[in-house]
Amino acid sequence: MGAFDVLPDYEISRNLDRCIVCRVCERQCANQAHEYVPEEDAMASDESKCVNCHRCVSLCPTRALKIVRSSNTYKLNDNWTDKIIKEISIQASTGSVLLSSMGNPEDYPIYFDKITINASQVTNPPIDPLREPMETRVFLGPKPDSVERDSNGKIIPNLPPQVKLSMPMMFSAMSYGSISYNAHESLARAASELGICYNTGEGGLHEDFYKFGPNTIVQVASGRFGVHKQYLNQGAAVEIKMGQGAKPGIGGHLPGKKIVADVSRTRMTPEGSDAISPAPHHDIYSIEDLRQLVFSLKEATDYKKPIIVKIAAVHNVAAIASGIARSGADIIAIDGFRGGTGAAPTRIRDSVGIPIELALAAVDSKLRLEGIRGKVSIIAGGGIRSSTDIVKAIALGADAVYLGTSALLALGCHLCRSCQAGKCNWGIATQEPELVRRLNPSIGAKRLVNLMTAWQHEIEEIMGGMGINSIEALKGNRLMLRGVGLNEKELSVLGIKHAGEGQD
Amino acid sequence: MKRVYVNEEWCLGCHLCEYYCAFAQTNQVSMARALKGRKIHPHIRVEESGAVHFAVSCRHCEIPLCVKGCITGALSIDDGIIKVDESRCIGCFTCILSCPYGAISPSPDGHAARKCELCQATAAGVPLCAANCPNQAIVYEDRG
C-alpha cells in the first residue's frame with residue numbers, strides 16, 4: 001500500500017474451513033480481487049480491488065465468502081468523516097472530479113417511509129382482489145376535457161394518442177451502451193410480456209429490438225444519439241430527456257471503450273470515441289423552443305405518438321412542469337434525486353435536486369390549480385423501491401412510475417455502484433463480451449416479470465384494502481395518505497394530513 | 001427422455017458444474033465437508049480456450065459407440081441412461097477411446113471407466129451440474 005492510498009471500505013472474509021479452492025471467485029471477479037496461490041493450493045484476496053458486488057459471494061458453492069465492512073478506521077471525527085478524508089485523498093492523487101454511479105445513497109429523508117396508507121373499516125367495505133375485478137391498467141396521455149357527441153348522439157372519438165400499460169409501471173431509460181445488450185433484451189422481453197414499456201435511454205435502439213417497438217419508449221436526448229425517423233416511429237412514445245434525477249444540469253459521457261461496434265452502429269457515433277451528451281439541448285433555451293422540438297417529433301411521427309418530456313426534480317419543478325404542459329407535451333416524467341445513473345459526478349449526484357415525493361406533489365398541485373392537469377400525464381421516477389412506494393406515488397398524483405434501480409436489482413445488480421468502471425460482474429453495466437454473457441436474458445426477463453407481477457398483486461391488495469378497485473380512483477387521491485412525523489411545511493407541500501387527522 | 005444439454009452461449013467458464021458433479025458423487029450433505037482438501041474427478045468438464053468455454057458431459061447417445069465397443073458388457077443402456085458396471089469393467093478403456101466427446105474418464109485408481117449417469121443413483125436424484133449452473137448454460141430437460 002502506498003503512502004497516499006486510501007483504506008479499502010470493505011474486506012473479503014474467507015472461511016477456510018469451507019473453502020474448497022474451486023476458484024470460482026477468482027474466475028468470476030473481473031476486478032481480480034481473488035487469486036489462486038499454487039504453492040499453498042489456497043486462495044488469496046486483495047480487498048483494495050474489491051467493489052463489493054457480491055458476485056463471488058453469490059457463486060461460492062460452499063458459502064465460504066463474505067464481504068464485511070472494514071473496521072480499519074481513521075481517528076473518529078463526526079465532521080471530517082472517513083468518507084470525506086478518503087474523497088479528499090483520492091482527489092489529491094488524481095486531480096479529478098469524483099465519479100459515482102446508481103442513485104444518491106446519502107442520508108436524506110425518505111418521505112415515502114413517512115407516509116402511511118389508509119384502509120376501509122365498517123362504513124366502506126374493502127374489496128378482495130382475488131374475488132372481484134381490480135383494474136391496474138392505465139393510459140398515459142392527455143385526456144379530453146369533455147365528451148363530445150355528433151348530431152346523432154354518438155361519441156366523437158377525440159382521444160389523443162395514449163400509451164397503454166397493463167399496470168402503472170415502466171422501466172426507466174437506460175441506454176444500450178450504459179447497460180449491456182443482454183440487459184436491454186431482458187427489459188424489452190419483460191416489458192413485452194407484461195404489457196408495459198421499457199425505455200431506450202439515449203443510446204438508440206438496436207435493430208434486434210425493433211420487434212419490441214410497441215413496448216418501447218424511444219428517447220431523444222441532448223446528444224441525439226441514434227435518432228432517425230424509423231427509430232422515432234418504432235416506439236410507443238417519444239421521450240425528450242431534458243434532465244436526469246441523478247445529475248440535474250449535467251450531460252452524459254459514455255467512455256469510448258464502451259462504444260463497441262454494435263453500440264457505435266446503434267448510436268450512430270464513431271467506434272471507440274467518447275459519446276458526450278451536452279448538458280443543455282443546444283436548440284432549447286425556452287418553453288417555446290421546447291415546443292418546437294415537441295412538434296418536430298410529432299410531425300416526424302405523424303401525430304400518432306405521445307411525446308414525453310423528462311425533467312429532473314429541481315427546486316422550481318412545478319413551474320417548469322406547468323411550462324412543459326403548455327408546450328404541447330403529452331406526458332411529463334419527473335426524476336427524483338434518488339434516481340440512478342451509469343456515471344455521475346459524486347457531488348452533483350449527492351447534492352443536487354429534490355426528493356421525488358415533494359416534486360411530484362408540487363407538480364400535481366400546480367397543474368390542478370392551473371386547471372391543466374388533464375392536459376398531461378405524470379410519470380414519477382427516481383427512488384421508487386416497492387409496491388407501496390408506487391401506491392403512494394399514485395396517490396400523490398402520478399399516473400405511472402419509472403423503475404430503474406429495482407429493475408436492475410431484479411437482473412442481479414447488487415448496487416456496488418461501480419457502473420462507471422465498465423466491469424460489471426453481473427453482466428449489466430458493461431460491454432465486455434465475457435461479462436455480458438453472464439446475464440442470460442431468459443433468466444433476466446423472467447425475474448423482471450416475476451417482480452412486476454408480484455408488485456401488481458400487492459398493489460391490487462393495497463387498493464382493495466382502501467376499497468378502491470381501479471388505479472384511476474387512486475390517482476391524486478391524497479386523502480388516502482397520512483404523514484407520520486412530518487412538519488407542517490412538509491405536510492403542506494405533500495398536500496396530505498398528519499396521521500390522526502380525519503377526513504374533514 | 002430428460003438429458004443434460006449444454007448452451008455454450010451462456011457458459012461462463014466458472015467450473016461450478018465440475019464441483020457440483022464431484023459433490024453429487026459423494027452423496028454427502030455439505031459440499032465443504034465432502035470436497036475440502038480432495039482432488040475432484042468430475043464427469044462433466046469445462047473445455048476452454050481463451051474466450052470460448054463450454055461444458056462437456058455424456059450425451060447418452062441413442063447409438064452409443066462406447067457401449068458397442070465395450071468388450072465385457074460393463075457398459076449398458078438402462079432406460080436410455082448409459083451406465084457402467086464397475087464390477088465388470090476391466091479397465092481396457094476402449095470406451096474412452098471410442099467416445100467422440102471425451103465424456104468418459106478413468107476412475108482415480110485407474111481400474112475402471114467412469115461416466116455421467118445423470119445423478120439418478122445419487123442422493124440428489126437430479127443432475128446437480130444443471131441444477132446449480134448460475135446462467136442456465138447447462139439444462140436438464142426433455143427435448144424429445
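Me: Is A:Glu185 buried or exposed?

Reply: A:Glu185 is buried, as its relative accessible area is 17%. Buried means under 20% relative accessible area, exposed over 50%, and partly exposed in between (1.4 Å probe, protein chains only). This is a predicted model, in which local features need pLDDT of at least 70 and side-chain atom pairs count only at pLDDT 80 or more, while totals for chains, interfaces and linings use all residues. Residues are numbered from 1 along each chain as its sequence is written, chains are lettered from A and ligands numbered from 1 in the order in which they are written, and side-chain values use heavy atoms, with hydrogens and water left out.

Me: Which side chain does A:Glu185 meet in a salt bridge?

Reply: The partner is A:Arg189, at 2.8 Å from N to O. A salt bridge is a side-chain nitrogen of Lys or Arg within 4 Å of a carboxyl oxygen of Asp or Glu. Both residues belong to helix 4 (residues 181–194) of chain A and are four residues apart, about one turn of the helix. Helices (H or I, at least four residues) are DSSP runs, numbered from the N terminus. A:Arg189 is partly exposed, with a relative accessible area of 27%.

Me: How many salt bridges are there over all chains?

Reply: The search of the whole structure finds 27. One of them pairs A:Asp389 with A:Arg385, with the closest N and O atoms 2.9 Å apart. A:Asp389 is buried at 1% relative accessible area, whereas A:Arg385 is partly exposed at 38%. Salt bridges that share partners also join A:Asp364, A:Arg368, A:Arg373, A:Asp399, A:Glu472, A:Lys475 and A:Arg478 into one network.

Me: Changing topic: how many salt bridges are there between chain A and chain B?

Reply: The count is zero. Nine residue pairs are in polar contact across that interface, both residues being at pLDDT 80 or more. A polar contact is a pair of N or O atoms within 3.5 Å; within protein, one must be able to donate a hydrogen and the other to accept it, and residues adjacent in sequence count only if both atoms are side-chain atoms.

Me: What area is buried between chain A and chain B?

Reply: About 1,700 Å² is buried, and carbon and sulfur atoms give 58% of it. Buried area is the accessible area (1.4 Å probe) that two parts lose on being put together, summed over both. In chain A, the residues that lose the most area to chain B are A:Ile20, A:Arg27 and A:Arg437, together 34% of what that side buries. In terms of contact, meaning heavy atoms within 4.5 Å, 22 residues of chain A meet 20 residues of chain B.

Me: And within chain B, what are the domains?

Reply: Chain B is divided into domain 1 (1–57 + 117–144) and domain 2 (59–115), with bounds from an automatic or database domain assignment. Their centres, taken over C-alpha atoms, are 19 Å apart. The two domains bury about 1,200 Å² between them, 53% of it on carbon and sulfur atoms. B:Arg3, B:His43 and B:Glu117 supply 47% of the area that domain 1 buries against domain 2, more than any other three residues.

Me: Why is helix 1 of chain B largely enclosed?

Reply: Helix 1 (residues 16–26) of chain B is largely enclosed by the rest of the structure because nine of its 11 residues are buried. Among them are B:Leu16, B:Tyr19 and B:Phe23. B:Asn27 follows the helix and has a positive phi, near 60°.

Note on methods: Helix = DSSP H or I, 4+ residues; strand = E, 2+ residues; numbered from the N terminus.
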